[in-house]
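Thanks for coming, everyone. Let me walk you through one model. Please look at the screen.

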Amino acid sequence: MAVTYGEGVDSGVIVGADSRTSTGSYVANRVSDKLTPVHDSIYCCRSGSTADTQAVADYVRHFLAQHAITLDSKPQVKTAAYLFQKLVYNNKDRMSASIICAGWDPVNGGSVYCVPLGGACVQQDFAIGGSGSTYIYGLMDASYRVGMSKAECIDFVKKTISHAMARDGSSGGVIRLAAIDKTGVERFFVGGNDLPFTPQ
């Protein structure tokens, strides 16, 4: 999931995900990192087929690196999102890839784009995805507030992901977070023993 905070160039985003990669009912990796950097201040959250989303992220990272060299400046988050959208849409019948693209750029500040399975591209204040997201739509609607601070957004992301992990059998492990703003990227880790919500 990803959430924006603040306004203008002083804004930023918090991205977060659990760490469980499953193959049917078998947990193939319990500590995977689903937050993938595609440029210095742009990350994506991947869900769907791991092979497909890793390949798409690799392509976008390659294209963005070339784009940044050509421009001699940081690429915009929406450029990365549209690259994801083009790849997902043009291959929607051949792969399973849902992407949340989020980050910071000097033009728009912090922004979040959702690229779901069909290949649409929608800018949102927050976005959720993956199998655990179906369990937390109500919690998101009830808890999200416009104008939250960075600290409030971090707590919000921790809380909602831990609820998804508690309800969804394909979600679990630990929570990995990244705060992205004009100062750069700050990574956070929440261990399984420190989750804000666990089933009783």
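**Strands first, then helices**

Strand 5, residues 35-39, and strand 6, residues 42-48, run antiparallel and are joined by 4 bridges. Strands here are DSSP runs of E of at least two residues, helices are runs of H or I of at least four, and both are numbered from the N terminus. Two strands pair when DSSP finds at least two bridges between them. This is a predicted model: local features need pLDDT of at least 70, side-chain atom pairs need 80 or more, and totals for chains, interfaces and linings use all residues. Residues are numbered from 1 along each chain as its sequence is written, and side-chain values use heavy atoms, without hydrogens or water.

Back to the pair. Between strand 5 and strand 6 sit 2 residues, making a hairpin. T36 stands opposite C44 of strand 6. Is strand 5 mostly covered or mostly open? Mostly covered: 4 of its 5 residues are buried, meaning under 20% relative accessible area with a 1.4 Å probe, protein chains only.

Now the helices. Helix 1 is residues 50-71, and helix 2 is residues 77-90. Their axes come within 10 Å and cross at roughly 135°. Axes are lines fitted to C-alpha atoms over the stretch in contact, with angles from 0 to 180 degrees between N-to-C directions.

Who touches whom? In helix 1, V56, A57, Y59, V60, F63, L64 and H67 meet T79, A80, L83, F84 and L87 of helix 2. Contact means heavy atoms within 4.5 Å.

Note on methods:
Buried < 20%, exposed > 50% of the residue type's maximum accessible area, 1.4 Å probe, protein only.
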